[in-house]
Amino acid sequence: MTYVALAYGFIWGAVFTYVALVGRRVAKIDAEIEDLRRRVKPGA
Amino acid sequence: MLSPMPTARKSQARFLVGLLLTMHGFFVVPWLVANAPLEKTMGIVQKIFYFHVPCAWLLMLSTFVCAGGSLAYLFRGSERGDRLAQSSAELGVLFGLCVMVTGPLWARAAWGVFWTWDVRLTSSLLLWLMLIAYGLARRYGGAGGRRLAAAMALFAAADVPLVYLSVNLWRGLHPTTKTVSSLAPGMRLPFFFSLAIFSALWGVLLALRMRVERSQARLVELELAVEDAEGKSQ
């Protein structure tokens, strides 16, 4: 039972970590885009 | 011309719904697996099969999608193909890692060792390493890194049939490809449901990863526009 729980727990952990890392990247890029967008807007 | 992003929120909502649905599936799968009949010889440790096989399937699928995108990039110069290849290679590394962890856990209980140089295990490890090498070539390969990585993806795809058929061609310790078709009726629903949920999760993650690449491309486009605007004003 321990091995089964370890296997499933590992997959959960790996997917969760991956989603969190990619989500953080998305947020960072979106913030940079927003910053640049403000800079290129005329009159900004 | 810089386009606004009116569909960004819609796609974000779609992504969240998809993620929630697949995450919900991640709770249903263990329930189905727990209620599946016990395999006579291996007992409870056989249940790792319900997670290990879908991860292995996604490792192979990711490699094929990566090769498809790489072909489009190499022969048509498709940037979208390149983005698809990069995104799926990353998912291949993720699910390959899951294969490399869940497999040895099963092997320890079934064979008494975490690892043996069986042809299926070795060819799978090679496939996973090739996808890692793909990512490294892109990151550190310099100007021609993307083309080098794309060529490597084609080699990785050539390894997939070898991984799949190895258990039938060279009899080793690993169960053959007939295991799935010979599953007991009570084991089929949890297995195919698990396969469907993992595949759906792969689709959601691919969409998320592709979004990162699109945003990255937009960022580069904006940076160039800013440089251009600042150059003109000086």
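The dialogue below turns to confidence, helix packing, the nonpolar core, the interface and one glycine.

Visitor: How is the confidence of the model to be read, and where in chain B is it lowest and highest?

Guide: Where pLDDT is low, the predicted coordinates should not be read in detail. The structure shown here is a predicted model. Its scores are ipTM 0.85 and pTM 0.87. The mean pLDDT of chain B is 87, and 95% of the residues reach at least 70. Within chain B, H1(B) has the lowest confidence, with a mean of 76, while H2(B) has the highest, at 95.

Visitor: At what angle do H3(B) and H4(B) pack, and how far apart are their axes?

Guide: A pair of packed helices is described by the angle between the axes and the distance between them. For H3(B) and H4(B) the angle is about 145° and the axes are 9 Å apart. The crossing of H3(B) past H4(B) is left-handed. Among the residues that make the contact are Gly92(B), Gly96(B) and Gly103(B) of H3(B), and Trp128(B), Tyr134(B) and Arg138(B) of H4(B). By class, the residues of this contact comprise ten nonpolar, six polar and two charged.

Visitor: Which residues touch the most other members of the largest nonpolar core?

Guide: In soluble globular proteins, nonpolar side chains tend to be buried together. Here the largest nonpolar core has 53 residues, and those touching the most other members include Cys55(B), Leu59(B), Phe95(B) and Tyr134(B). Helix H1 (2-40) of chain A is one of the elements that give two or more residues to this core. H2(B) supplies the largest share, twelve residues. Beyond its neighbours within four places in sequence, Phe95(B) is in contact with Cys55(B), Leu58(B), Leu59(B) and Ser62(B).

Visitor: How many residues of each chain are in contact across the interface?

Guide: The size of an interface is often given as the accessible area lost when the parts come together. Counted by contacts instead, 31 residues of chain B meet 23 residues of chain A. On the side of chain B, H7(B) gives the most, with 14 residues. That side divides into 22 nonpolar, three polar and six charged residues.

Visitor: Why does Gly25(B) count as partly exposed?

Guide: Gly25(B) has 17 C-beta neighbours inside 10 Å and therefore counts as partly exposed. This glycine, Gly25(B), lies in helix H1 of chain B. Leaving aside neighbours within four places in sequence, Gly25(B) is in contact with Ile197(B) and Ala200(B). The C-alpha atoms of Gly25(B) and Phe198(B) are separated by 8.6 Å, although the two residues are 173 residues apart along the chain.

Terms used
Residues numbered from 1 in each chain as written. Chains lettered and ligands numbered in written order. Predicted model: local features only at pLDDT ≥ 70, side-chain atom pairs only at ≥ 80, totals over all residues. Core = buried A, V, L, I, M, F, W, Y, C linked by C-beta atoms within 7 Å. Buried ≥ 20, exposed ≤ 12 C-beta atoms within 10 Å, placed from the backbone. Helix = DSSP H or I, 4+ residues; strand = E, 2+ residues; numbered from the N terminus. Contact = placed C-beta atoms within 7 Å. Nonpolar A, V, L, I, M, F, W, Y, C, P; charged D, E, K, R; others polar. pLDDT = per-residue confidence, 0-100. Axes fitted to C-alpha atoms, helices over the stretch in contact; angles between N-to-C directions. Left-handed = near helix turned anticlockwise from the far one by under 90°.
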